[in-house]
Amino acid sequence: MKKLIAIISALVLLCAPISAAAVAVSVAPALGVGGDRLTVAVRIDGNTVITAAALEIEYDSEKMRYLSYEKGEKLDAELCTVSETGKGKIRFSFTDGESNYIGDGVLVYLSFAVNPDVTGTVKIAPTVTDGALFDLNYIELEYTVSASDVYILPSSLKDALEIKGGLIYLNRSFGAIELSQRLGKELALKQSYGYVGSGCKISYKGVSFFTVYMGDVNGDANVNTADYLAVRAHLCGAATLSAHFKAAADLSGDGTFSTADLLYLRELLSAA
């Protein structure tokens with residue numbers, strides 16, 4: 001009897017469906033102000049193989065309206081649709097009988113317009129509320145909806161700054177108050193300046209950055225003779241510039257700090 005029970009138990013284990021590791025679907029949020037056009041990414045991670053999907057996505061229709069979609073780099077299915085199914089609701093679906101999609105990446109990009117009457121900075125964070133993913137045999141897969149901590153800069157800021165290597169590169173001088181308003185309550189300026197030049201420490205989304213304003217190597221948000229003298233003193237060994245001021249002095253853009261940058265700065269001052 002014990003042997004029979006053991007055999008039956010083994011057969012049950014062999015015949016039981018194997019639960020695949022759940023994949024994760026997330027929507028990267030974006031930050032913007034009234035009138036901005038923002039694009040968010042619906043991505044998949046932990047993906048072994050999918051051949052079809054149907055996902056319900058909801059968003060705050062009081063603050064934004066849906067505009068359009070674009071297939072992500074993970075998707076080239078011809079039968080792909082995104083349609084509005086109700087107020088603040090979108091249905092994204094695709095199927096492909098010829099291709100299977102393996103690996104992580106963006107399935108679709110969704111574009112929204114922030115309503116012009118929205119005041120202050122708003123977080124655009126659509127969420128996946130329902131749906132299904134299918135493997136190559138059209139068997140439904142388990143999946144989870146995960147939160148994304150990757151924020152996309154709004155179009156109103158893309159012409160103003162660039163974040164890379166722990167530094168925020170300002171393409172034009174921002175007042176501290178204006179920058180704070182644009183980035184919202186998540187931003188905390190560590191200096192109480194009435195301006196933002198090179199060397200301001202900013203805490204944004206829990207990460208600290210130093211600002212860089214090209215040519216401003218003393219942090220006063222101006223490019224003048226004082227900066228020229230500071231750069232020359234550094235090259236002569238009479239003074240030392242910190243990392244973010246060195247970045248501001250690299251006017252040649254070659255990643256090094258040399259007399260060529262001093263010449264660029266002199267030309268910049270001569271043209272002013």
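A nonpolar core is a set of buried Ala, Val, Leu, Ile, Met, Phe, Trp, Tyr and Cys residues joined through side-chain atoms within 4.5 Å. The legends below describe a predicted model.

**Figure 1. The chain as a whole.** The predicted chain has 272 residues, 40% of them buried. Its secondary structure consists of 6 helices and 17 strands. Of the contacts between residues at least 6 apart in sequence, 65% join residues at least 24 apart. Carbon and sulfur atoms account for 54% of an accessible surface of about 14800 Å².

**Figure 2. The largest nonpolar core.** This core has 34 residues, and the members that touch the most others are Ile 50, Phe 92, Phe 94, Leu 110, Phe 112, Ile 124 and Leu 133. Two or more residues come from each of several strands, among them E1 (23-27), E3 (37-45), E7 (89-95) and E10 (127-134). Strand E8 gives the largest share, 5 residues. A separate second core holds 11 residues, including Val 217, Val 231, Phe 245 and Leu 265.

**Figure 3. Surroundings of Leu 133.** Beyond four places in sequence, Leu 133 is in contact with residues that include Val 23, Val 25, Ile 44, Ile 50, Ala 52, Ala 53 and Leu 55. Further partners of Leu 133 are Ile 139, Glu 140, Leu 141 and Tyr 143.

**Figure 4. Glu 56 and its partners.** Glu 56 is part of strand E4. Its side chain forms a polar contact of 2.3 Å with that of Arg 91. Leaving out residues up to four places away in sequence, Glu 56 touches Thr 85, Ile 90 and Arg 91, as well as Thr 127, Val 128, Thr 129, Asp 130 and Gly 131.

Key: Residues are numbered from 1 along each chain as its sequence is written. This is a predicted model: local features need pLDDT of at least 70, side-chain atom pairs count only at pLDDT 80 or more; totals for chains, interfaces and linings use all residues. Side-chain values use heavy atoms; hydrogens and water are left out. Buried means under 20% relative accessible area, exposed over 50%, partly exposed in between (1.4 Å probe, protein chains only). Helices (H or I, at least four residues) and strands (E, at least two) are DSSP runs, numbered from the N terminus. Contact means heavy atoms within 4.5 Å. Accessible areas come from the Shrake-Rupley method with a 1.4 Å probe; for residues, only the protein chains shown count as cover. A polar contact is a pair of N or O atoms within 3.5 Å; within protein, one must be able to donate a hydrogen and the other to accept it, and residues adjacent in sequence count only if both atoms are side-chain atoms.
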